[in-house]
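Hello,

Here is the structure you asked about. Please open it and keep it beside this email while you read the notes below.

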Amino acid sequence: MRILIRYAMYTCVVLCLFLQSAFTQTKLIRGKVVDSKDGTPIVGATVRILNSKVLTVTNAEGVFELKSPEKATTLIITFVGFKSLETPIDSDLSNLKLEDAGTQSLSEVVVVGYGTKIKKDITSSISKVTGKEFENLPLPSFEQALQGRASGVFINSGSGKLGQGLNIRIRGISSISANQQPFVVIDGVPVLSQPIGSYDEPDNPLATINPDDIESIEILKDAASSAIYGARASNGVILVTTKSGKAGKTKISAGVYTGWSKPTRKGEFLNTAQYKELFTAAAENAGLDVAEEFEAETGTKDWNSNNDTKWSDLSFQNGYVQQYNISMNGGDARTKFLISGSWNDQKGILLTNRLRRGNGRINIDHSLNKNFRVGINLSLSKGLNNRLYSDNSFTNPLQLNALSPLQSAYLPSGKPNSNTIYYNNLIEVANSKKLATTYQSISNAFAEWRIIPSLVFRSQVGLNWNNLQEDEFLGRETIDGAPGGSSFSNQVTSTIVTYTNTLNFNKSITEESNFDALAGIEYQTGKNEGSSVTGIVFPDDRFTKISSAAIISAGSSTATEYTFASYFAKANYKFKDRYLLGASYRIDGSSRFGKDNRYGSFPAASAGWIISEENFLRNSSAVSFLKLRASYGRTGNAEIGNFSSRSLFQAAAYANISGLITSQLGIPTLSWEKTNQFDVGLDFGFANNRISGEVDYFDKDTRDLLFNVPAPAVNGFTTITKNIGAMRNRGWEFVLNATILNGLFRWTASANISTYVNKVTKLVVPVPPQSRTLGRLAEGQPFGQFYGLKYAGVDPSNGDALYFKNDGSKTNDVSEAEDMIVGNPNPDYYGGINSHFSYRGFDLDIQCQFVKGGDIYNMAGIFQSVNGDYFDNQTVDQMKYWKKAGDITDIPQPRLYEGNGTDKSSRWVQDGSYFRVKSVNLGYNIPRSLLKRFKMDNARVYVAGLNLFTFTKYTGYDPEVNATYVNSVTLGHDFYTPPQARTISVGLNIGL
């Protein structure tokens with residue numbers, strides 16, 4: 001009986017509780033959580049009701065919604081790195097401000113593939129650079145902002161030519177024949193980053209983007225972060241997010257800066273007295289009369305002239321930079337907008353080189369109601385680039401270095417002297433035009449439907465449109481101008497359209513666990529169309545358009561296109577704010593690959609453990625944050641051209657009869673290159689995160705490398721493209737951040753250092769160096785390894801150049817010397833050091849960049865540093881040549897035409913290590929008390945410097961160099977390659 005009575009009582013209690021719950025009234029509350037410093041929305045903040053299990057998290061706009069019991073009175077908002085906030089439910093919740101608790105970096109929002117996450121919850125390896133770190137710097141293109149700021153990202157600017165493509169390597173080199181550049185996505189739109197122009201000097205489609213339009217740049221380095229982009233992520237992924245409107249009072253910002261540029265270094269070449277001494281000795285040592293030989297080679301009697309022309313200075317001009325920009329942004333809770341425009345004009349340090357760009361952008365984000373949101377981001381840019389030819393062209397201004405100081409640059413009439421030993425490319429300045437005009441739009445439109453608070457559907461269409469117009473006119477006096485002049489016009493249009501649909505789920509399952517997931521489909525089409533025409537014989541050099549040509553000598557048109565169809569998903573789980581799991585999976589299908597391998601799959605998984613949340617560390621005064629993470633996954637490389645898998649035919653004509661010939665043998669099984677990558681990392685923070693950092697180890701194994709395999713010539717083809725080859729990159733990355741002083745005078749600093757060790761692990765046949773280069777591919781060796789004769793110096797007894805044999809002995813007979821490993825163009829390590837100082841209204845940023853190792857082969861040495869073998873002017877170090885028995889020197893005895901030490905060898909291989917003060921920015925924020933009378937919110941004046949100082953033992957123009965006319969295997973080669981510009985600028989920013 002007692003049991004029955006007790007059971008009945010329990011039943012009544014449960015029934016009462018159930019009825020109370022069923023009839024309890026709830027109300028929907030909505031609010032927004034922001035950072036108290038700048039009003040930035042805080043994503044992922046936990047919002048819960050006091051003494052209740054009802055909770056939610058804020059979305060990407062910092063907005064939250066939850067159903068609250070009618071009697072609830074208080075909300076508690078918490079977020080890592082901020083002080084918790086308690087606020088009455090019936091108060092104004094539209095702008096809840098959280099105050100920094102000293103660990104804000106952990107709450108930083110990081111853009112990831114198809115979404116955002118807070119830094120604390122990330123289980124992959126991602127570097128982030130904010131726009132504030134490089135604003136107001138006169139950067140030729142935004143990619144240079146990553147130099148020294150992002151760990152694991154190695155950038156070589158190549159040269160000081162404006163608008164030229166850069167070499168960007170994320171965690172080493174992962175391809176031989178396919179594209180080696182990272183995949184670039186701007187505001188969710190995949191963009192063209194490869195050159196499309198006709199010049200042998202590659203153009204940079206990204207050079208028209210205004211760096212000041214950028215909010216942040218994220219670099220996805222490991223497979224867990226990048227595998228969501230599948231077949232195009234083997235080289236890493238760069239995500240660029242541009243600035244957008246913010247709710248509040250409409251604000252107008254304007255800025256202007258102007259600056260002046262000069263080369264970071266000029267070459268030192270022989271003057272007339274030195275030139276005569278060296279070549280007189282060279283001729284006498286060869287039993288020749290120097291004056292007769294000079295006349296025979298130049299057709300002039302300039303050997304006896306009194307000229308002393310410093311040709312090395314004539315290659316350069318005083319450069320400048322000017323930029324003007326204005327933007328307006330604002331809005332309310334439903335509509336936010338941004339409108340911006342800018343104009344930038346850069347005159348390069350090399351003759352005729354100039355780059356101008358104009359940018360316009362409109363960004364609108366509108367909430368139709370609490371569940372529907374639409375937006376559009378429109379941009380249009382125009383670039384005008386007065387371009388230069390490749391380093392290997394006689395029209396390259398730096399090839400003026402080769403001309404003799406005995407010969408004048410100009411005739412008495414003022415015209416350039418055409419009777420020089422080589423082409424005097426000063427003729428190009430007045431008699432040619434090389435203009436590349438680029439129009440580009442990177443735009444998107446989206447619609448978003450919040451189906452339920454935890455489920456959002458988003459549909460987006462993105463457009464990347466590029467139109468390149470190249471116009472070149474070569475007058476009748478130029479070296480390449482046909483008799484009567486030549487004009488060339490080329491137009492290329494690239495259109496990439498991407499359709500993306502995603503379903504995003506994010507929900508706190510319990511008070512201790514959170515789950516988010518995303519599923520999506522994507523379809524992309526890309527099309528390139530081009531046409532060109534050449535005309536020759538013009539009535540006068542003032543007529544430059546092809547319509548004035550007497551003869552249309554050439555013309556062509558091309559069209560090519562491709563498609564991608566993709567399906568992807570990812571999920572993340574967090575338990576007790578300390579245990580993190582993540583996974584992603586993508587399937588890519590592409591028209592580029594063989595019918596037997598049309599689709600590829602790219603999975604990835606990651607895990608993280610926030611050790612500092614465990615009880616044994618939670619209250620530690622020393623350790624603020626400690627997270628261990630690891631990931632593994634697969635990515636691919638699909639940038640191999642559109643038809644590499646197919647047998648192709650092309651039109652051919654013979655005796656005015658058209659026909660077809662086979663131009664390529666296809667492989668139906670051809671597939672993408674695949675990279676499997678393992679990463680393990682440790683994120684840490686000490687002393688309330690005043691000291692923080694990251695340590696990463698990675699191992700990238702790339703297989704199925706695309707390679708042109710030799711084939712029997714009997715079938716009419718000597719090579720065929722196959723997936724055969726493998727490569728490995730392993731390395732470490734270290735990042736350290738510190739708040740050194742945190743008072744009225746504030747000093748923060750960060751440093752990063754990265755390594756990668758590259759090895760070709762499988763190769764069918766070695767790829768030997770080209771005719772004048774040293775770079776090669778060989779199994780078991782690093783990519784681009786230098787291989788050739790090893791220079792052994794000079795025989796003190798007779799001045800002969802010496803070379804090593806394999807047994808270590810020396811010989812003066814080049815035919816007895818043997819090729820061997822003579823260098824490695826890959827760096828031992830690289831990184832950057834950055835410091836920020838502030839005191840009252842003053843602020844100072846100093847950013848330095850360094851590279852250790854990375855050998856450089858100065859190919860121009862064969863001509864300009866060969867102790868007087870021919871009449872090219874020589875570098876001043878050649879005056880240390882051997883003169884008599886017993887002399888100890890590395891410069892052989894000069895012997896005109898006899899080739900003493902002129903063979904391709906390690907004689908011109910040098911250490912490419914350098915330390916560069918990359919940028920300095922000193923500014924002053926004018927007090928608001930002074931600005932009020934002018935109704936201004938803020939104003940800042942500043943002076944900035946770019947490439948201020950470079951410390952290196954490399955004797956060429958610039959250690960950050962890579963000649964572009966050579967093949968992709970040839971790294972670290974210098975051939976009359978110009979230095980970067982040192983720029984000093986002053987500017988003013990105001991806000992209304």
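A patch, as the word is used here, is made of residues with over 30% relative accessible area and no salt bridge, and nonpolar side chains are joined into one patch within 5 Å. Keep in mind that this is a predicted model.

The nonpolar patch

One nonpolar surface patch covers about 660 Å² and consists of Ile252, Ile326, Met328, Ile339, Ile362, Ile364, Ile376, Leu378 and Leu992. Three strands each give at least two residues to the patch: E18 (319–331), E20 (354–367) and E21 (372–386). Ile252 belongs to strand E17 (residues 248–263). The relative accessible area of Ile252 is 31%, so this residue is partly exposed.

Salt bridges

The structure contains 46 salt bridges. In one of them, the side chains of Glu61 and Arg373 meet at 3.5 Å, N to O. Glu61 sits in the loop between strands E3 (55–57) and E4 (63–69), while Arg373 is in strand E21, so this pair ties together parts that are 312 residues apart in sequence. Glu61 is partly exposed at 22% relative accessible area, whereas Arg373, at 15%, counts as buried.

Arg373 also forms a salt bridge with Asp365, where the closest N and O atoms are 2.6 Å apart. Arg373 and Asp365 are both buried.

Another salt bridge is made by the side chains of Lys574 and Asp121, at 3.0 Å, N to O. Lys574 lies in strand E26 (residues 551–575) and Asp121 in the loop between strands E9 (115–118) and E10 (126–130), so the pair ties together parts that are 453 residues apart in sequence. Lys574 and Asp121 are both buried. Elsewhere, salt bridges that share partners join Arg171, Lys221, Lys627, Arg629, Asp679, Asp683, Asp696 and Glu733 into one network.

Helix H4

Which residues of helix H4 (residues 290–298) are buried? They are Val290, Glu293, Phe294 and Thr298. These residues lie on the same side of H4, because they cover an arc of only 115° around the axis. The buried residues of H4 pack against helix H3 (272–285). On the face turned away from the buried side of H4 are the exposed residues Glu292 and Ala296.

The two ends of H4 can be described as well. At its start, a side-chain oxygen of Asp289 comes to within 3.1 Å of the backbone nitrogen of Ala291. After H4 comes Gly299, which has a positive phi, near 75°.

Regards

Definitions and conventions: Residues are numbered from 1 along each chain as its sequence is written. This is a predicted model: local features need pLDDT of at least 70, side-chain atom pairs count only at pLDDT 80 or more; totals for chains, interfaces and linings use all residues. Side-chain values use heavy atoms; hydrogens and water are left out. Buried means under 20% relative accessible area, exposed over 50%, partly exposed in between (1.4 Å probe, protein chains only). Helices (H or I, at least four residues) and strands (E, at least two) are DSSP runs, numbered from the N terminus. The arc is that of the directions from the helix axis to the C-beta atoms. Contact means heavy atoms within 4.5 Å. A polar contact is a pair of N or O atoms within 3.5 Å; within protein, one must be able to donate a hydrogen and the other to accept it, and residues adjacent in sequence count only if both atoms are side-chain atoms. Patches are made of residues with over 30% relative accessible area and no salt bridge: like charges are joined within 9 Å, nonpolar side chains (Val, Leu, Ile, Met, Phe, Trp, Tyr) within 5 Å. Accessible areas come from the Shrake-Rupley method with a 1.4 Å probe; for residues, only the protein chains shown count as cover. A salt bridge is a side-chain nitrogen of Lys or Arg within 4 Å of a carboxyl oxygen of Asp or Glu.
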